[in-house]
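Here's a quick briefing to read alongside the model. Have the sequence and the 3D view open as you go.

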Amino acid sequence: MDLVWNLTDRYGPRLTNSPQFREAGDWAVGQLKEWGLANVKLEPWPTKDVPSGAIPGWQVKGYSGAMIAPSYMPIIGVPIAWTKGTDGPVTGEVATATIDTQADMDKYHGKLKGKIVFTAPLAELPFPSAPLASRYTKEQLEELETELIPSGRGGRGGAAGVGRGGFAALAAMTPEERTAFQEKQRNFWKDEGVLLTVTASARGESGTLFGGGAARRGDPTQNTPSVSITAEHYNRILRLVERNVPVKLQFDIKTEFDNNTESFNVIAEIPGTTKPNEVVLVGAHFDSWHYGTGATDNAAGSAVAMEVMRILKSLNLKMDRTVRLGLWGGEEEGLLGSAAYVKQHFADPETMKPTAEHDNFSGYFNIDNGTGRIRGIYLQGNEMMRPIFEAWFAPLKDMTPGAITIRDTGGTDHQSFDRVGLPGFQFVQDQMDYNTRTHHSNMDVYDRVQPQDMAQMAVIEAMFVYNAATRPEKLPRKDLPAAQPAAGGRGGRGGGRGGN
Ligand SMILES: [Zn+2]
């Protein structure tokens, strides 16, 4: 939890390439060196060639938002990532405009100048009858275990991405059409003289807001400022507008860009004793969104992976293979840091020419499903791993049921390894309040991380890594995949709509 505190309260949030991301990276390097780990470094990777555009440094330096007529109401909100500021306080009346099509643009042309535009209809807030947080039941785990056919259903949907209003239309487009349309849409707000755009998150209530994507494409310094606000405030304002009560809002948003588009992954090692060239990798993504402090997503996974290294190092265990830590940047922008690492070290999925490092790789273990404890593991379609994981879970049955499912899970960094035929695994974790409260939300903060669950995860993952580093053979692999040409490859990662 001390590691979590540093990553959240102290340095977070860690939006990729933001000043806070870099400060946290420097802190992690210092901490890992203090533990006596080897080859500790920030391994750089460039974002200038990323298909969705280079990632500049960006941070929020100030935000205030309020309704000032018909009466005062402070608005809970957060500027959208990489949005530009308002250049001082701006005051305007509210207009509503959902831009899904060219016809929408024609309809609203000339009517939005100087307005603050709400871009989606009323947020639906059904009475929350389900518990806010939950753990897997015995029955749910059994259902997972008895599945026969790998499926991607375990993956969490890309919450970051498109706004509610445009979702259906955008979802029907190809990635190329979507990019072209969104560029047109961005220019539309600017060309029409809109002061700023406002969205409510598709889920979340009681003051929680879930972030609505990023304004990074094109030249973000020229995009119309945009803010995501909590649904109840959004709805009150819209209801006033619908009943023709004059509403005035005031926003003051300060954001700051910098030109450093080079990112990094945090690397550290415990060298192997007899097979130092063979590698077992443990990791998580280090970056986060900026709505909260990136606590369950994914300071939790990063802290667990760091703690695994601390445990193994402090016990001074002799392990045949090198155990390496990888904390990835750019995951939220499409698994970019782990993909860059895999491409540089193991194989480019577009050409599939494996390196010597690829031959020497054993396996990768990832944590990125929040604070919930480990209840099992996804085989990722690799049935050969079942007896191995069964044996590894056997002595841990007092800590976890150790459910093993053939299911694939997606949306996070083990996929970068899986794509080039390397064993990469994500654990089955209790959901807790990940989907209802914390994942990509303004309430993803230290308090939502559960100390007992964190300790359990670190112990189990340390055991798994130790076992992988000391078993006679490397982990068995699925067949080497065929080369995946660029367009298909990007589509397979969700078109850069963001990671888990
Ligand atoms: Zn994540």
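How many Å separate the centres of domain 1 and domain 2, taken over C-alpha atoms? The answer is 34 Å. Keep in mind that this is a predicted model: local features need pLDDT of at least 70, side-chain atom pairs count only at pLDDT 80 or more, and totals for chains, interfaces and linings use all residues. Residues are numbered from 1 along each chain as its sequence is written.

**Domains**
- Domain 1 covers 2–54 + 260–492 and domain 2 covers 59–125 + 161–258, with bounds from an automatic or database domain assignment.
- Where they touch, domain 1 puts in 17 residues and domain 2 puts in 13 residues (contact: C-beta atoms, placed from the backbone, within 7 Å).
- On the domain 1 side, α2 and α15 (486–492) supply at least two residues each (helices are DSSP runs of H or I, at least four residues, and strands runs of E, at least two, numbered from the N terminus).

**Helix α1**
- L3, V4, L7 and T8 are the buried residues of α1 (residues 2–10) (buried: 20 or more other C-beta atoms within 10 Å of the residue's own, with C-beta atoms placed from the backbone).
- Because they cover an arc of only 110 degrees around the axis, they sit on the same side of α1 (the arc is that of the directions from the helix axis to the C-beta atoms).
- Those buried residues pack against α2 (19–34) and α8 (295–314).

**The sheet**
- Eight strands make an open, mixed sheet, ordered β3-β2-β9-β5-β6-β7-β8-β4 (to pair, two strands need at least two DSSP bridges between them).
- β3 (73–74) and β4 (77–79) are the edge strands, each pairing on one side only.
- β6 (residues 116–118) and β7 (residues 196–200) pair in the parallel sense over three bridges, and F118 stands opposite V198 in β7.

Definitions and conventions: Buried ≥ 20, exposed ≤ 12 C-beta atoms within 10 Å, placed from the backbone. Contact = placed C-beta atoms within 7 Å.
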